Amino acid sequence: MGDLNSSIPEGVVSLPVIDLSLDREEVSRAILDAGKNIGFFQVINHGVTEQAMRDMEAPCREFLALPAEDKAPFYSEDNKKTNRYFSGSTYQTGGNKYWMDCLRLGCSIPVGDSKNNWPDKPQNLREVIETFTVLTRDMGMELLRLLCQGMGLRTNYFDGNLGGADVIVTLNHYPACPDPSTMIGLPPHCDRNLLSLLLPSTVPGLQFSHNGEWIDVQPLHNAFIVNFGLPLEVTKPENGYAKTGCVRLVCLRGFV
């Protein structure tokens, strides 16, 4: 896991890697330290099987490859809709346009009937997303309990209403860009939810902000990238703080 209490050497910045199979007290301190220093970390031995991760990837790729007419019923530019498919190329930020497609789904816990509002193609998409959502939410709640332990809060502080909102599943697709200088995958932003759990693909481009610099993320195999959201940017004078991380995604010419 490494010594997260040491300062990060200049020019050698990487996301902390936290192994959830280690001693609970050690893991809770590491999560808090990652929050103090960067607001991000990678987590391994997290309880989500490799098979569940690969099962999630396959139908998502199949959905993106569907003919436009099969995806059209879910297309909407209304950002108030819980379930929608949309293209970011119509939005502008600082003169650059977003170069991405996105499927965004709301999942109640338990998922129940909410999955009936999701796309029904490919055939197993709903079942796979439901299973993946349950597994990753369990991981997220365990990370919050460990963070609370490190901060000296009761471990169930985020149970109930604070951590009981719907889970948002977002599938982002970044096609190869013909002119990356005029586009951006995602602009710099901080997430508004408690935690974001990212299952990265092999496509590079994700960057995090640290001390005014943008640093490339180098994902580990079968690891999740964890991002603290704005609600976790709290200050406790006796225990330090957990700050939200800022990310962006740059476009690349040769990757999809």
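The model is predicted: local features need pLDDT of at least 70, side-chain atom pairs count only at pLDDT 80 or more, and totals for chains, interfaces and linings use all residues. Residues are numbered from 1 along each chain as its sequence is written, and side-chain values use heavy atoms, leaving out hydrogens and water. Helices (H or I, at least four residues) and strands (E, at least two) are DSSP runs, numbered from the N terminus.

**Sheet**
- Four strands form an open sheet in the order β1-β2-β13-β10, with mixed pairing (two strands pair if DSSP finds at least two bridges between them).
- β1 (17–19) and β10 (195–198) are at the edges with a single partner strand each, so one side of each lacks a neighbour in the sheet.
- From one strand to the next, the twist averages 30°.
- β2 (residues 40–44) pairs with β13 (residues 224–228) in the antiparallel sense, over 4 bridges.
- Val-43 has Phe-224 as its bridge partner in β13.

**Helix on the sheet**
- Helix α1 (residues 24–37) packs on the sheet and touches β1, β2 and β13 (contact means heavy atoms within 4.5 Å).
- The direction of α1 makes about 160° with that of β1 (axes are lines fitted to C-alpha atoms, for helices over the stretch in contact, and angles run from 0 to 180 degrees between N-to-C directions).

**Helix pair**
- α1 and α4 (residues 125–151) pack at about 85°, with axes 8 Å apart.
- That makes α1 roughly perpendicular to α4 (65 to 115 degrees).
- Contact residues include Ile-31 and Leu-32 of α1 and Leu-143 and Leu-146 of α4.

How values were computed:
Parallel < 35°, antiparallel > 145°, perpendicular 65-115°, else oblique.
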